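Q: Could you walk me through this structure? I am new to it and would like to start with its pocket.

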Amino acid sequence: MGVPDDRMQPTAAVRGAGERRRRLNDVLQALETAIDLPASDPRWRQVVAGHLADLVDALDEHVREVERPGGMFDEILAEAPRLEPEVRWFIEDHRRLAERVAELAERVH
């Protein structure tokens with residue numbers, strides 16, 4: 001067996017993106033659980049608003065991690081410039097998601 005190929009090891013940017021994505025998933029699961037509480041529960045709005053605030057933060061952290069200079073998107077474009085339209089689509093999708101989540105958090109709050 002030869003020496004492992006460094007390209008097969010996740011980079012710091014990919015590991016960072018994975019960590020943020022796992023946090024995002026955890027926050028989404030907590031929000032889903034909160035939403036499932038009976039709407040008649042007097043704490044429902046407060047609990048859901050708290051989880052939506054966590055979602056705003058987690059999404060912001062994820063976006064900052066993957067879109068930062070030297071982040072995962074920069075690595076992707078360095079390795080495969082042909083994927084630039086897809087990367088731009090994700091950047092725009094991040095913006096749209098952040099807007100919608102912030103609007104929902106404001107409405108529930």
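This is a predicted model: local features need pLDDT of at least 70, side-chain atom pairs count only at pLDDT 80 or more; totals for chains, interfaces and linings use all residues.

Q: How many residues line the largest pocket, and which lie nearest its centre?
A: The largest pocket has a lining of 19 residues, and Arg21, Leu24, His62, His94 and Leu97 lie nearest its centre. On a 1 Å grid over the protein atoms alone, a pocket is an open set of points where a 1.4 Å probe fits, with protein on both sides within 12 Å along at least five of seven lines; lining residues have an atom within 4 Å of a point.

Q: Which helix gives the most to the pocket lining?
A: α4 does, with seven residues. Helices are DSSP runs (H or I, at least four residues), numbered from the N terminus.

Q: Which residues of α4 are buried?
A: Val87, Asp93, His94, Val101, Ala105 and Val108 are buried, meaning under 20% relative accessible area with a 1.4 Å probe, protein chains only. The buried residues of α4 pack against α2 and α3 (72-79).

Q: Changing topic, what does leucine 31 touch, beyond its neighbours within four places in sequence?
A: Leucine 31 is in contact (heavy atoms within 4.5 Å) with Val48, His51, Leu52 and Leu55.

How values were computed:
Residues are numbered from 1 along each chain as its sequence is written. Side-chain values use heavy atoms; hydrogens and water are left out. Buried means under 20% relative accessible area, exposed over 50%, partly exposed in between (1.4 Å probe, protein chains only). Helices (H or I, at least four residues) and strands (E, at least two) are DSSP runs, numbered from the N terminus.
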